[in-house]
Amino acid sequence: MAGLPDTAAGVRWDLSDLFAAPDDPKIAALLTSSQERAVAFASAYRGKIGALEGPTPEIVLRALQDLEGLNEQLQRGGAYAALLYAADTSRPEHRDLREKVELALTEIGNTVLFFDLEWVAVPDAAATRIMEDPQLATYCHFLQQARRLRPHILSEPEERLLNERDNTGSRAFGRLFTELLSSLTFPLERDGEAKALTLSELLALSHEPDRALRRRAHETLYNVLADKGLVLTFVYDTLVQDHLTMDRLRRFPDPMAARHLSNEIDPAAVERMLAVTEANYGIAQRYFRVKAQLLDLPRLAVYDQYAPVGRELPSCNFADAQRIVLEAFREFSPEFAAAAQQFFDKRWIDAEVRPGKQDGAFCSSPAPSLHPYVLTNYTGNLRDVMTVAHELGHGVHGCLARAQTYFNYDTPLTTAETASVFGEYLVFDRLLTGEADPEVQLALLCGKIEDACATVFRQTVLTRFEQAAFRERGSGRFTSEALARLWLEANQRYYGDAVEMTEAYRGGWSYIPHFIHSRFYCYSYVFGELLVLSLYRRYKEEGAAFVPKYLALLTAGGSAAPEDLLKPLGVDLQDPKFWQQGFDEIERLVAQVETLASQIGRRSTRPRATD
Ligand SMILES: [Zn+2]
């Protein structure tokens, strides 16, 4: 076992159905023909969509179909370049190809950009007539969504100017943040040896069993960040101010409005969700207390949150992971499992760990005419099995939604995790019910609860911090102290007296990439997880009757707004009870931990046979 850390050796995806090699002449031919198609598209439709009397439905339909065809074709090149690069980032020919394809994509994007702008400029009455035309029924949602930006788009020259200036403006500050963080090293002594760790190596230490080591890692993190406090504060301050300026110019009523629009979600539903989450902070605090008891501590400190509890499952080779995941999926639905099975049979998954391969895991679903691809770095522990389940869930979603056309294929952020997190729960439940050892059950449960806390509660804390920061920025430039105060206030409500916040933790806001690159992104995680928890609970209650409705949801892809797609499943996003169901599910898991903890606590008063 120790000699074979990589239990997925040889599990590589097969990209040959896209292209033969990075120098395959078909790639250059595809890019050239796409450029020609884009130019032909522009000469056929420029001025026609924005025609004074409004375009005819026939013209809009033809234009949309042409544009989808062009995108489908381009995605083949884009997907190949991106996947090849992810599989081995160190090869210069992979980097070159990716750059070449990205350049072509931008150029083609610019050539056809006029379509969106002309469509958005069509007066309301004419636009409604088009969207209500039966010929355009499939595209109604897409056309509507594009028009929702109407009040916020500037003129074409203004948009182009902003786009170019942003490279040395807001985007430059984003790059400064990324480059600064990746340049940092964190000095840490371990086993008498001084080491310089990267940020991700340091953060991984929060899962270490040794408490003193966790505390040292925590303090080191914030000491190094505090040294860069001036730059980190300046960057965040500038970006918040930049957003406020752009919101004013684009006539957005508040700092979250732009995000709500692209998430296709009603602001009131989001606020209700955040309020219900805050009302349930007590569940997390209950968990922190029982975890303190399991770790034999009077109270958890922030650096104890991810300390290991119980005993991990024995390591699991990739073939077993495949079996476990497919069995759990099959029990839910043979169709769900059959879609996942293809990833193994047809080599759509790349799971082995090897030098040069991109870190982490993802699923890419480029277009309905292509199938999805999954990448993971499988090392054989329990988390990796869950990751395979997660990414295959995305993969199944991407397969089922191939029934849609290109513009109706992708979901917004809010529903993007509908199948992935669901798949994880299926596997989690199967592992838990099949496990007899209470110590392993405990590890499984705690892992799941901590994931849910990180996704639901912590992301709500982050969102509340961001809201407070945008409110406060109006009254002048930020100081590090002001941001620390807002950060601690938002966290205090969550941790209550169940978790001790250290002095160092004041800098917790300063390295979160979402604040820099994609403001108000975090609530989508809350939405996605709670949605799945509620759907999962519904599945438990309704059994087989739930399955076809759920599969229909996945098959619908992004063809309508989430609210409309979820209605047939009895989901009402405006109803606080709907969000509460997700918390009932988390609470059920916490209660199981409490029961196990009291059993194990009783047992541990006697000498333990296994130790
Ligand atoms: Zn995901």
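At what angle do helix 18 and helix 19 pack, and how far apart are their axes? In this predicted model, local features require pLDDT of at least 70 and side-chain atom pairs count only at pLDDT 80 or more, while totals for chains, interfaces and linings use all residues. Residues are numbered from 1 along each chain as its sequence is written, and side-chain values use heavy atoms, with hydrogens and water left out.

Two packed helices are described by the angle between their axes and the distance between the axes. Helix 18 (residues 438-473) and helix 19 (residues 480-495) pack at about 145°, and their axes lie 9 Å apart. Here helices are DSSP runs of H or I with at least four residues, strands are runs of E with at least two, and both are numbered from the N terminus. Axes are lines fitted to C-alpha atoms, for helices over the stretch in contact, and angles run from 0 to 180 degrees between N-to-C directions. Contact (heavy atoms within 4.5 Å) involves residues of helix 18 including Phe-457, Val-461, Phe-465 and Glu-472, which face a set in helix 19 that includes Arg-485, Leu-486, Trp-487 and Tyr-494. By class, this contact comprises twelve nonpolar, one polar and five charged residues; Ala, Val, Leu, Ile, Met, Phe, Trp, Tyr, Cys and Pro count as nonpolar, Asp, Glu, Lys and Arg as charged, and the others, Gly among them, as polar.

Because Arg-485 lies in helix 19 and Glu-472 in helix 18, the pair ties together parts that are 13 residues apart in sequence. Arg-485 is partly exposed at 39% relative accessibility, and Glu-472 is partly exposed at 24%. Buried denotes under 20% relative accessible area, exposed over 50%, and partly exposed the range in between (1.4 Å probe, protein chains only).

The structure holds 38 salt bridges, each defined as a side-chain nitrogen of Lys or Arg within 4 Å of a carboxyl oxygen of Asp or Glu. In one of them, Glu-352 pairs with Arg-12, with the closest N and O atoms 2.4 Å apart. This pair links distant parts of the chain, 340 residues apart: Glu-352 is in the loop between strand 4 (349-350) and strand 5 (362-364), and Arg-12 is in the segment before helix 1 (25-45). Glu-352 is buried at 6% relative accessibility, whereas Arg-12 is partly exposed at 43%.
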